[in-house]
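Please look through the sequence and the model below before reading my notes, which are set out as numbered points.

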Amino acid sequence: MIRQAQKKDASIVFKILEPIFIDMELKTMQKHPQQIKSLLEDAFDKPEANYNYQNTLVAEIDQQVVGVLVGYPAEMEAQIDEYYQSVAQEYGLGANFELFPDKESLPGEWYLDCLAVAPNYQGKGIATQLIQAIPQFFDASVLGLNVDFTNNKASKLYQHLGFEIVGEMPIGSHQYYHMQKKL
């Protein structure tokens with residue numbers, strides 16, 4: 001079953017997303033892992049944050065969250081950065097803190113920020129189900145996402161689902177293909 005996340009899902013959502021944050025090798029997350037974890041979990045009920053329950057879909061099997069999709073309209077990206085900067089000092093992260101210093105989305109798209117499935121449930125079509133559910137929950141006409149140059153498995157999945165490479169983006173220390181799909 002695919003459903004919109006609820007506030008109570010915060011800890012499991014971030015447990016499933018954690019490998020993505022590790023793979024991205026973002027310096028801020030490497031330097032302050034506990035503070036960032038607390039910040040993200042606390043922000044899960046804040047509409048200004050990208051990782052909030054309103055921007056999150058979860059896949060459930062036997063009432064257990066096994067997959068997570070997080071996204072938002074590209075126009076929200078500046079607001080997201082401002083929110084994290086405004087609360088950073090509360091978490092000991094300093095006044096000039098930037099959680100996501102790189103721009104990740106293109107204008108006019110609904111940006112699929114994160115997609116992850118728990119290891120024991122990978123390869124069962126859950127990621128596909130989450131992506132296909134986006135129009136049921138969000139007002140989107142163009143989906144956008146980034147996939148690491150080295151993540152061939154994800155790139156093939158997205159191409160199979162109709163995404164096309166429209167450019168490249170550096171995020172952190174990695175290079176990504178930016179892909180889009182018109183709905």
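**Notes on the model**

1. Tyr177 is partly exposed, its relative accessible area being 24%, where buried means under 20%, exposed over 50% and partly exposed in between (1.4 Å probe, protein chains only). This residue is found in strand E7; helices (H or I, at least four residues) and strands (E, at least two) are DSSP runs, numbered from the N terminus.

2. Please keep in mind that this is a predicted model, in which local features need pLDDT of at least 70 and side-chain atom pairs count only at pLDDT 80 or more, while totals for chains, interfaces and linings use all residues. Residues are numbered from 1 along each chain as its sequence is written, and side-chain values use heavy atoms, with hydrogens and water left out.

3. Which residues does Tyr177 contact, leaving aside its neighbours within four places in sequence? They are Leu145, Asn146, Val147, Phe149, Ile165, Gly167 and Glu168, contact meaning heavy atoms within 4.5 Å. Asn146 is 31 residues from Tyr177 in sequence, yet their C-alpha atoms are 5.5 Å apart in space.

4. The open sheet has 7 strands in the order E1-E2-E3-E4-E5-E7-E6, and its pairing is mixed; two strands pair if DSSP finds at least two bridges between them. Strand E1 (2–4) and strand E6 (164–171) each have a single partner strand because they stand at the edges, so one side of each lacks a neighbour in the sheet. E6 and E7 (residues 174–182) pair in the antiparallel sense over 7 bridges, and Glu164 has Gln180 in E7 as its bridge partner.

5. Helix H6 (residues 152–160) packs on the sheet, where it touches strand E4 (110–117), strand E5 (142–148), E6 and E7, and its direction makes about 160° with that of E5. For such angles, axes are lines fitted to C-alpha atoms, for helices over the stretch in contact, and the values run from 0 to 180 degrees between N-to-C directions.

6. Is Asn50 buried or exposed? Asn50, which lies in the loop between helix H3 (33–42) and strand E2 (56–61), counts as buried because its relative accessibility is 1%. Its contacts, not counting residues up to four places away in sequence, include Asn55, Val70, Tyr72 and Asp113.
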